[in-house]
Amino acid sequence: MTGLEWFVLTSGIGAIALINWYFFVAPARAVVAIATGGAASEITITVDGGYNPPHVRVPAGRPVRLIFDRRDTGSCSEEVVFPDFGIRKYLPTGQKTVVEVTPPAAGRYSFMCGMSMLRGTVEAV
């Protein structure tokens, strides 16, 4: 192999490793919701090319109110789906939409856009 072929090969492997790190290993930002007095915890999630924060931690067995603030105009972010809770909500652009869930037990519950391209998780602890 020539030097150029080695360079192309190692650059390709490096690019694949970087992409995998970005999507699967990079530390995720989490918000810890604290429920007080039996009231539902509230967490605002901005929808703008993705979910921010993409991961939230809430107490298991307590209601949580997720407020989706959609700023994105792309069709992919038009709705949010919580398959574990059977919830599918339309998210109008420029408006806040409330989704209330109560994780029954400790674990991870995913949410995603209608096309499953944007993803996030609710971690009940």
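Rings of Phe, Tyr and Trp (its six-membered ring) pair if their centres lie within 6.5 Å; planes under 30 degrees apart count as stacked, over 60 as edge-to-face and the rest as tilted. This is a predicted model, where local features need pLDDT of at least 70, side-chain atom pairs count only at pLDDT 80 or more, and totals for chains, interfaces and linings use all residues. Residues are numbered from 1 along each chain as its sequence is written, and side-chain values use heavy atoms, with hydrogens and water left out.

**Exercise 1. Find where confidence is lowest and highest in the chain.**

Step 1. Take pLDDT, the predictor's confidence in each residue, from 0 to 100. Its mean over the chain is 86. Of the residues, 84% reach 70 or more.

Step 2. Go to the strands (E, at least two residues, DSSP runs numbered from the N terminus). Confidence is lowest in strand β1 (residues 30-32), at a mean of 56. It is highest in strand β6 (residues 79-82), at 96.

Step 3. Apply a caution. Where pLDDT is low, the predicted coordinates should not be read in detail.

**Exercise 2. Count the aromatic pairs, then follow the rings from Y51.**

Step 1. The count comes to seven aromatic pairs.

Step 2. Y51 and F68 pair edge-to-face, with 6.0 Å centre to centre and 75° between the planes. Y51 lies in strand β3 (residues 51-52) and F68 in strand β5 (residues 64-70), so this pair ties together parts that are 17 residues apart in sequence.

Step 3. Check burial (buried: under 20% relative accessible area; exposed: over 50%; partly exposed: in between; 1.4 Å probe, protein chains only). Y51 is buried at 6%. F68 is buried at 0%.

Step 4. F68 also pairs edge-to-face with F82, at 6.2 Å centre to centre and 75° between the planes. F82 lies in strand β6, so the pair with F68 ties together parts that are 14 residues apart in sequence. F82 is buried too, at 0%.

Step 5. Ring pairs link Y51, F68, F82, F85, Y109 and F111 into a cluster.

**Exercise 3. Which residues of the largest nonpolar core touch the most other members?**

Step 1. Define the core: buried Ala, Val, Leu, Ile, Met, Phe, Trp, Tyr and Cys residues joined through side-chain atoms within 4.5 Å.

Step 2. The largest such core has 22 residues, and Y51, L66, F68 and F82 touch the most other members.

Step 3. Strands that each supply at least two residues of this core include β2 (41-47), β5 and β9 (107-113).

Key:
Helices (H or I, at least four residues) and strands (E, at least two) are DSSP runs, numbered from the N terminus.
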